[in-house]
Amino acid sequence: MGALRLATSFLLGCGLVAKSWAQGVPLPDAQLARVWGQAMVEVSNTSVNGYDFSRITLNADLSLSANFSKIRLGEYPLATGLGNGSGADIDIARLQFGRSDLGDGARTVALSNPYLELVYRNGSDTSQREVIGMRLGFEGIQGSLGLSAQSISGSLAISDTQGHVLDSRLDPAGGKRWDGTACGPSACPFSLAAVGALQAGDANGPSRDFFLSILKAPVQFPTAVAGATAPDLAQAGLWLNWRDRLLAINPGSALPPNLPPTLPPLLKPGG
Amino acid sequence: MRRFLHALLMLAALLGCGGSMAALQGLPDQELAHVHGRDGFAFNLRGFSLDGSLSLRLGDSLGGGLSLGNISLSRSDDLGNTFADPYQLTLLQRSEGQTDRVSLSGPLNSLGLLRWQFAADLSLIDSSAVAAGGQLNRFQAGALLLQDLRSYGMRLDLAPNPDPETQGIAFGLSLRLDLGALTLRPRGRDNISLLDSPGAPEQFSLKGLHLAAATADMQVGSQAWSLANLDSQPLLLNTVANADGSASLHLNLAWPTAGQQAPTGSLSVDNIAFKSDVGGNLDLGSSRIGGLQIQYLDIKLKAGR
């Protein structure tokens, strides 16, 4: 009896017994053949400036609500004279995807086409082939986030509603373990710790240049999205690139809440 | 092959063992009905090793994609606990009105002796030129290794999705994992039993990865992290129809049940390092994400662009 139930459970789960999820239509063989392998994974191999890049992209649309805390990436001492910052390349106290105080539309962040890109040197020489590192990124990010960061190594540009821009290009140390308080001759409009609510993407579309790299040498990555500006040179260590269409809503204010809904959502999964 | 057969024999022995543990008695039908939902069996591996020319490719119909070749997979044993700490596949009854669930649980592996090793040759194949009459651009990226992977009390639950309007398979999953190293050796795999093989002068490695439920102070704890739960935050796998009439593979991790919080996991990496005889070594120290709390995740996989 149990075995029968087990089998039935599987069949029901696979949609083989009960009615289908939608009005299914048989596909002719020729059409079905085209469906095979239109897979979600796409590989792109390029060689630029002496480096060999292999990008593996997952063709997918994601909606995410998540909270990450106590992120410390790359805890190692920097060479003498560079300053050690907070002791890690990336030091983020809190990173939230989504917020729960602006209605259902702001609860999740839309992420598109995550990718992993490997970087090699002398890729065609099996005796000298060298792995330089990798990066993880998304081709698009749109939605409400929360950020409280101690310091970040990377290339960042965050605008506020007054038109000021917090830009790591102004950091005299080149953006390594930068906390957003050093902006060369200018005064930083706000610090990374004060960012709070963050909007990625705008009416023109999603933010298109987010990636996190792990490298042993500086690398100029190719643009991941057609039409987007080429990223800055990524430096050795752990490095975050995010400059496109980023807006700090009200710097200095508390992080927005990001709690799960107290009532069941009306929208069906995938709807 | 011999070791593989040995593993199968172990499985058969365990299956047989379940039936001989107590004297069997006939059960009246009424009593038998109470057994409902407790069916299952235990199994284990011993001396498991799989080597050969097995290849897997995830990609498109033009021949492009990600390929893993010459796959090698093996597991070490805890000989003292082969029977006491097995894998278990069980059918469990849920509460009134809910479908039964199938549960697969892994060994507790409290001594950490069950260690998986995986190695494969990684090829990255670009097919973008094929449609225009060009050739595949194949890049041999080297060997990908997972060394000393230990799982402690993994559990995977499956059941039909309870919502009749949304068909699919619902999952629950909890994990506690330690991984000795995730390594990329661009010039080939060399000795895969060593984290730092002298014969592999070039490698990029993440050593000492730990994933588990977070402690109160956001450290990697000793309990499994429940990424999905059939009762309170199920993971649904199904297909959905797109506006253009096509279908997409779809994964959905639901919001947690009202009034509950999504469980928090924690991830740490003891060391990230590059080793190279031509470009020099670089040690990037340790890394961690103290708290990982996924409240909702929806993934719609699309066809190629």
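Analyst: Happy to. Chain A has a secondary structure of two helices and 12 strands. Read from the N terminus, its elements run α-α-β-β-β-β-β-β-β-β-β-β-β-β. Please keep in mind that this is a predicted model. For chain A the mean pLDDT is 87, with 82% of its residues at 70 or more. The stretch to treat with care is residues 1–24 of chain A, where pLDDT stays under 50 and the model has 34 contacts beyond four places in sequence. Where pLDDT is low, the predicted coordinates should not be read in detail.

Now to the part you asked about. The contact draws 69 residues from chain A and 75 residues from chain B. On the side of chain B that touches chain A, the element that gives the most is strand β18 (residues 286–301) of chain B, with 16 residues. By type, that side of chain B divides into 37 nonpolar, 26 polar and 12 charged residues.

Strand β18 of chain B also pairs across the contact. Its partner is strand β3 (residues 60–75) of chain A; the two run antiparallel and are joined by 13 bridges. If you want one pair to locate on screen, take R72(A), whose bridge partner in β18(B) is R288(B).

As for L198(A), leaving out residues up to four places away in sequence, it touches L145(A), G146(A), L147(A), L246(A) and A248(A).

Beyond residues up to four places away in sequence, A110(A) touches D61(A), S63(A), Q142(A), G143(A) and P206(A). Its C-alpha atom is 23 Å from that of G154(A), a residue 44 places away in sequence.

Begin with strand β14 (residues 235–241) of chain B, which is mostly covered, with five of its seven residues buried. One pairing of β14(B) is with strand β10 (residues 169–175) of chain B, antiparallel and over three bridges; there I169(B) has L237(B) as its bridge partner. β14(B) is also joined to strand β15 (residues 247–253) of chain B by seven bridges, again antiparallel, and N238(B) has H250(B) as its bridge partner in β15(B). The hairpin of β14(B) and β15(B) has five residues between the strands, and G245(B) in that hairpin takes a positive phi near 95 degrees.

R185(B) belongs to strand β11 (residues 177–185) of chain B. With 26 C-beta neighbours inside 10 Å, R185(B) counts as buried. Setting aside neighbours within four places in sequence, its contacts are G142(B), A143(B), L145(B), D190(B), A200(B), E202(B) and Q203(B). R185(B) and L122(B) are 63 residues apart in sequence, yet their C-alpha atoms are 9.7 Å apart.

The second, D148(B), lies in strand β8 (residues 137–151) of chain B. D148(B) is partly exposed, since 17 other C-beta atoms lie within 10 Å. Outside the four places on either side in sequence, D148(B) is in contact with R115(B), L179(B) and G180(B). The C-alpha atoms of D148(B) and G112(B) are separated by 9.6 Å, with the two residues 36 apart along the chain.

Conventions:
Residues numbered from 1 in each chain as written. Chains lettered and ligands numbered in written order. Predicted model: local features only at pLDDT ≥ 70, side-chain atom pairs only at ≥ 80, totals over all residues. Contact = placed C-beta atoms within 7 Å. Helix = DSSP H or I, 4+ residues; strand = E, 2+ residues; numbered from the N terminus. Nonpolar A, V, L, I, M, F, W, Y, C, P; charged D, E, K, R; others polar. Pairing = 2+ DSSP bridges. pLDDT = per-residue confidence, 0-100. Buried ≥ 20, exposed ≤ 12 C-beta atoms within 10 Å, placed from the backbone.
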